[in-house]
Amino acid sequence: MPKCTINGKEVEVKEGTSIIEAMQVSGDRIAHYCWHPGLSVAGVCRLCVVEIEGNPRVQIACNTMVTEGMKINNTSEKVKDTVKWGLDFHLINHPLDCPICDQAGECGLQDQYMEYGKYDPEMAEAKVKKHKVVDLGPTVVLDSERCILCSRCVRFTEEVSKTNELGLFNRGDRTEIGTHDGMPLDNKYSLNTVDICPVGALTSKDFRFRQRVWYLKDGDSVCNGCSTGCNIKVYYNKEGLFRIKPVYNEQVNGHWMCDSGRNAYKFVNREARLLKGIARGTEMAPGAAAKSASEVLKSTSGDAVALVLTAQYTVEEYEAIIKTFVEEFKTKKVFFWINNKETFDSFDGLLSRGDKNPNTKGLLKVMEKYGISATWTDLSAGLANGSIKTVVVAGPENQAVFPEYNEKLKELSKAQNLIWMQAGKNEALTALTGNVWIIPMKTFVEKDGTFINHSGLEQKIKKVTNVVSEALTVTEAALLLSGKNLAMPMMAPFMPTNQRPDQVELEARKKNEFVFRRGSL
Amino acid sequence: MAEIKVLSEHYHLPEYQTLAGYKAKGGYETLPKAFKMQPQQIIDEVKASGLRGRGGAGFPTGMKWGFLPKNGEPRYLLCNADEGEPGTFKDRMMMERAPHQLIEGMIISAFAIGSHKGYIYVRGEYVYPIDVLNKAIKEAYDAGLLGKNIMGSGFDFDLDVYRGAGAYICGEETGMISSLEGLKGQPKLKPPFPAVQGYLRKPTIVNNVETLAAVTYIIKDGAQAYRKHGTEKSAGTKLFSVSGNVVKPGNYEVPLGYPLIDLINKECGGMKPGRKLKAIIPGGSSAPVLTAEECGKANLDYESLAGLGTMLGSGAVIVMDDSQCMVDMLGVLTHFYAHESCGQCTPCREGTGWLDKILHSILEGRGRLQDIDLLIKVADNMKGKTICALSDAAALPVLSFVTKFRDEFEFYVREGRSKVKGTTYAEMHH
């Protein structure tokens with residue numbers, strides 16, 4: 001465990017730690033573009049320079065290992081001057097298109113300029129023109145002029161996705177990234193290249209030009225796209241959700257997530273959602289629809305009632321609804337609706353799993369707790385012989401991963417009474433007539449709870465935002481279906497009426513000198 | 001004449017290119033001797049000879065071989081024949097005239113380092129030398145000098161020629177390894193050094209053509225015989241490729257430490273009639289330029305030239321007389337480096353292009369006086385700040401040209417034409 005001194009502070013790090021990693025430990029800021037903790041060291045942006053006592057030249061921190069007693073400094077004038085020049089080299093051919101750049105607001109180059117730049121440019125020559133709006137594949141667009149050739153994206157396709165679509169072509173200041181001949185950037189993880197691009201060179205076709213990032217808030221959650229349970233950040237505002245990005249978790253997903261997981265925000269948005277409950281063809285509030293359905297459940301209990309669950313809800317929700325059915329409706333006819341059973345155990349070797357549910361283990365755990373052993377064959381038989389009269393279904397939340405949805409709907413609608421709890425719209429469902437109740441449900445970003453991933457890891461999810469505030473959680477629906485009432489929610493903490501919850505503190509504003517030097521701009 | 005032909009003694013004989021011709025002059029006689037030695041003895045002999053890498057860096061060869069890890073992993077011997085530095089053409093002659101000398105040197109070197117596979121990485125444009133080498137390798141295989149159980153020694157060594165696609169930076173050892181691996185020729189971060197992790201991530205020794213060819217002589221006649229030539233720290237002889245405004249440009253083998261001015265005046269016949277020496281780049285275009293006055297003090301060895309702020313490099317001596325415009329010369333060099341930068345490290349990728357643009361602004365009459373200092377600032381901030389030495393190679397000529405011939409640059413900016421030639425860039429080149 002070598003000890004070193006970074007900017008006067010003593011830091012102890014693990015053997016084999018690079019200076020840049022040691023600076024993450026010490027909390028010292030250091031400029032860098034090409035270094036990424038999830039990729040090999042390229043050492044090409046030459047910005048993470050430090051002075052090491054006894055060494056006449058500045059060194060790059062990403063490829064220099066800490067040794068015992070090393071004295072490191074990155075605040076000296078020599079380092080600042082080197083970084084300033086490094087930045088200059090990055091900027092001489094970079095277009096000044098921040099106002100129309102999709103990365104504005106979260107661009108490494110902007111950050112660096114504010115830290116080390118703010119001087120008159122010395123370059124009087126014409127900039128090198130490169131290609132713009134290069135269609136790299138189905139998900140990503142490249143603006144070569146903005147690219148600072150950090151090679152993170154190239155290394156990602158070499159080292160992580162192992163698909164090798166990207167390369168660096170040409171030489172000198174004509175160098176551009178691009179795809180190898182006849183090989184578009186088209187892999188299940190392609191959008192990670194957009195995440196790791198430190199500038200606005202690679203942009204997501206899905207997200208670009210849809211929102212300025214400073215109009216977005218974010219919240220942490222867990223992806224419900226498959227049983228891996230990638231940690232994610234959800235970006236949203238009052239207009240809805242706009243994107244999902246991975247959050248580092250060494251145990252689960254490292255730095256990455258798959259492209260299909262990123263699409264989860266789409267079925268959460270209001271336009272894809274059921275907004276009103278339906279009780280026997282009459283529209284009403286979701287809670288009222290659940291209350292209405294409770295009347296049917298009162299009259300048919302025991303083995304005449306069946307519950308069908310998909311594995312996309314939280315452990316707490318399963319606990320609530322299964323307990324209700326077992327203890328109050330006196331039935332153990334609880335069924336696990338398995339989608340794509342034949343690929344349930346498949347795994348692509350990186351993150352994506354065949355089980356496209358975030359909480360299969362959680363559901364099975366609760367079912368086991370209540371001694372549930374019913375199989376789908378029992379349900380089919382019960383529906384066929386008429387012994388099962390009322391069926392309550394929860395899910396699916398992400399209908400795209402349930403390809404047999406319509407067949408299952410057909411089968412389940414044979415019941416006398418069908419109570420269906422679901423978040424997203426579905427034409428076949430809403431077209432059903434008769435004794436059908438449809439109850440709009442909340443999605444994974446609108447509630448608290450626990451998912452248990454494929455390896456048995458319990459991960460808490462927190463409510464990020466309310467998209468359909470009237471929608472119910474399964475827990476709330478269980479209460480209402482059993483004829484109980486919902487408790488009043490906790491009051492929000494007191495806040496002066498003239499202060500917005502997201503209001504920026506004055507101290508934070510002071511850091512942005514634009515606010516205070518408006519006249520000089 | 002001070003030429004001492006240790007390596008190039010028989011280069012004038014056309015038959016020396018063939019196995020029979022080479023053998024007739026004692027070729028491959030050193031191999032049996034080498035096979036009787038222990039590999040470590042060979043390494044020690046090379047160390048004792050003081051042989052330093054002839055590709056440019058001048059690193060002690062035996063010491064480099066000593067860096068190989070002793071872990072039993074397969075290891076490779078790569079011959080760096082990607083001779084791309086402007087002004088350098090010595091390796092070409094060695095490959096054309098004495099391919100078997102290189103092959104024999106490689107077999108001995110491979111035996112010393114325990115390598116069973118070697119490649120000669122040749123600059124792609126060298127079509128004729130590649131042809132000669134391939135023929136020689138075939139002859140060597142047919143004669144049992146390459147392949148399995150060479151000369152009954154139990155030692156196996158396979159050798160191939162790899163034709164580069166034509167990038168200057170593939171002459172840098174890690175860039176060459178990338179290229180050989182089928183990747184874009186881009187240098188890699190060091191450490192790890194190739195001796196530890198090189199071709200296919202295995203221990204690899206990369207030596208220049210001239211270095212490997214010298215190994216045969218060292219093993220044949222002994223380290224002390226080699227040390228008779230040259231200086232204490234720069235032992236042996238060296239091939240210098242002289243180009244520019246001399247009467248007899250060409251390759252000359254002289255002992256290290258030989259006075260630069262004698263090479264020009266005695267071996268090369270002096271300057272062209274009526275012209276005066278103005279400047280010399282002593283070690284390939286990446287070396288800082290020497291003024292005529294400095295040339296008088298320079299000896300052709302690593303230490304003397306370092307003392308004058310320049311370097312021996314690959315031994316490419318580029319001679320300029322008083323008719324040369326230094327602004328134009330620097331424009332040519334800078335354009336070359338801007339074209340050849342691999343594009344990997346930002347200061348080199350952008351800096352070489354920036355230097356090129358500034359110089360062409362000056363040459364085309366659009367220069368500003370502050371551009372002269374800007375050239376120095378840009379070059380200063382490229383020097384020593386990248387993965388490989390290409391950035392330095394571009395920056396050092398700029399710093400030396402602008403510092404030593406500043407008056408020519410200022411004149412060009414003020415007048416929009418060359419101080420020496422009196423003409424504009426367009427007139428100079430049309």
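1. Salt bridges overall. In this predicted model, the count of salt bridges over all chains is 57. The points below take several of them in turn, then move to the interface and to one lysine of chain A.

2. A pair within one helix. Lys84(A) and Asp88(A) form a salt bridge through their side chains, with an N to O distance of 3.9 Å. The cut-off for a salt bridge is 4 Å, so this pair is counted. Both residues belong to helix 2 of chain A, which covers residues 77–91. Four residues separate them, about one turn of the helix. Lys84(A) and Asp88(A) are both buried.

3. A pair between two strands. In chain A, Lys233(A) and Asp220(A) form a salt bridge whose closest N and O atoms are 3.0 Å apart. This pair links distant parts of the chain: Lys233(A) sits in strand 12 (residues 231–237) of chain A and Asp220(A) in strand 11 (residues 217–222) of chain A, 13 residues apart.

4. A pair between a strand and a helix. In chain B, the salt bridge of Lys238(B) with Glu210(B) has its closest N and O atoms 2.9 Å apart. Here too distant parts of the chain are linked: Lys238(B) is in strand 5 (residues 237–244) of chain B, and Glu210(B) is in helix 9 (residues 209–221) of chain B, 28 residues apart. Both Lys238(B) and Glu210(B) are buried.

5. A network. Salt bridges can also join several residues: Asp97(A), Lys132(A), Asp143(A), Glu145(A) and Arg146(A) are linked in a network of them.

6. Extent of the interface. Chain A and chain B each bring 36 residues to their contact. The size of an interface is often given as the accessible area lost when the parts come together. Between chain B and chain A the buried area is about 2,800 Å², and carbon and sulfur atoms give 53% of it.

7. How many salt bridges cross the interface of chain B and chain A? There are three salt bridges across it. Glu340(B) also forms a salt bridge with Arg171(A), the closest N and O atoms being 3.2 Å apart. Between chain B and chain A, 17 residue pairs are in polar contact.

8. The side of chain B that touches chain A. Helix 14 (326–340), helix 15 (346–363) and helix 16 (369–380) of chain B each supply at least two residues to this side. Helix 15 of chain B gives the most, with 10 residues. By type, the residues of this side of chain B are 13 nonpolar, 13 polar and 10 charged.

9. Lys245(A). This residue lies in strand 13 (residues 240–246) of chain A. Its relative accessibility is 17%, and because the limit for buried is under 20%, Lys245(A) counts as buried. Leaving aside neighbours within four places in sequence, the residues in contact with Lys245(A) are Glu106(A), Asp195(A), Asn231(A), Ile232(A), Lys233(A), Tyr235(A), Met257(A) and Arg262(A). One of these, Lys233(A), is the lysine that forms a salt bridge with Asp220(A). As for Ile72(A), this residue and Lys245(A) are 173 residues apart in sequence and 34 Å apart in space, C-alpha to C-alpha.

Notes:
Residues are numbered from 1 along each chain as its sequence is written. Chains are lettered from A and ligands numbered from 1 in the order in which they are written. This is a predicted model: local features need pLDDT of at least 70, side-chain atom pairs count only at pLDDT 80 or more; totals for chains, interfaces and linings use all residues. Side-chain values use heavy atoms; hydrogens and water are left out. Buried means under 20% relative accessible area, exposed over 50%, partly exposed in between (1.4 Å probe, protein chains only). Contact means heavy atoms within 4.5 Å. Buried area is the accessible area (1.4 Å probe) that two parts lose on being put together, summed over both. A polar contact is a pair of N or O atoms within 3.5 Å; within protein, one must be able to donate a hydrogen and the other to accept it, and residues adjacent in sequence count only if both atoms are side-chain atoms. Ala, Val, Leu, Ile, Met, Phe, Trp, Tyr, Cys and Pro count as nonpolar, Asp, Glu, Lys and Arg as charged, and the others, Gly among them, as polar.
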